[in-house]
Amino acid sequence: MSVSENLLQLRREIPPHVQLIAVSKTKPISDIQEAYDAGQRAFGENYVQEVSDKQQQLPTDIKWHFIGHLQSNKVKYLAPFVDWIHGVESEKLLVEINKQAAKHQRVIRCLLQVHIATEESKFGFDAEEVLAYCKTTDFSQYPNVLICGLMGMASFTEDISQIRNEFRQLKNTFDQLKTLAFQHETTFAELSMGMSGDWKIAVEEGSTMIRVGSAIFGNRNYTTK
Ligand SMILES: *Cc1c(COP(=O)(O)O)cnc(C)c1O
């Protein structure tokens, strides 16, 4: 099936309250354009150089979601155009995003990344840490970022019940934070969880944003990049 067919098929399956982020990392401009022509406007990318190149060649009404691991010294390249950063995993990174966004008089929407998987390699706050962080931080000192919710990735496993459990934990943390009266309470509404292999489970567990790549664009071939 083509990119646009995959996309339309997926849209039929996703409940209307869930936003679809089309993850186009490693994929060519022509694929993104095809998805755009089929109505898709939110795209997710993982690599700073790649997304910077792509956004210059594509329509300006695309919403770019940076979903990869982001080093503080690279934020300046994204700040002129990125709409969302999903993987905010430290105070240091948030401070830098705020600083760089301010230079462009922009407000960048951020999701705090929470580590829910068992693998060591995945980044993020622990659940306890993110709760403590939000309780003790005055986000009004960062007017150029908006804390819009949480993001997480489940373990890479065949064990459906484990995946479900991890998503459920993240939803639980999200609900606890929503009830906290911290500064961005009203905008704290997004829970980014679910990818090609596990988005249905994520949606059942309360996801509001799914990040889907290979189910739209086909498998990625990293060796040709
Ligand atoms: C690549 C990636 C995705 C999309 O993965 P698929 O399995 O291709 O849907 C989603 N989220 C993050 C953080 C990614 O790096």
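The model is predicted: local features need pLDDT of at least 70, side-chain atom pairs count only at pLDDT 80 or more, and totals for chains, interfaces and linings use all residues. Residues are numbered from 1 along each chain as its sequence is written, and side-chain values use heavy atoms, without hydrogens and water.

**Helix α6**
- Helix α6 spans residues 127-136, and its buried residues are V130, L131, Y133 and C134 (buried: under 20% relative accessible area; exposed: over 50%; 1.4 Å probe, protein chains only).
- Viewed down the α6 axis, these buried residues fall within an arc of 165 degrees, so they line one face of the helix.
- The face turned away from the buried side carries the exposed residues E128, K135 and T136.
- Cover for the buried residues of α6 includes α5 (91-103), β5 (108-113), β6 (145-151) and α7 (160-179).

**Packing of α6 and α7**
- α6 and α7 pack at an angle of about 10 degrees, with axes 10 Å apart.
- The two helices, α6 and α7, are therefore roughly parallel (angles under 35 degrees).
- A127, V130, L131 and C134 of α6 make the contact with T173, Q176 and L177 of α7 (contact: heavy atoms within 4.5 Å).
- The residues of this α6–α7 contact divide into 5 nonpolar, 2 polar and no charged.

**Residue L7**
- L7 sits in helix α1 (residues 3-13).
- L7 is buried, with a relative accessible area of 0%.
- Leaving aside neighbours within four places in sequence, L7 is in contact with L20, A35, A38, Q40 and I216.
- L7 and V95 are 88 residues apart in sequence and 36 Å apart in space, C-alpha to C-alpha.

Notes. Helix = DSSP H or I, 4+ residues; strand = E, 2+ residues; numbered from the N terminus. Arc of directions from axis to C-beta. Axes fitted to C-alpha atoms, helices over the stretch in contact; angles between N-to-C directions. Parallel < 35°, antiparallel > 145°, perpendicular 65-115°, else oblique. Nonpolar A, V, L, I, M, F, W, Y, C, P; charged D, E, K, R; others polar.
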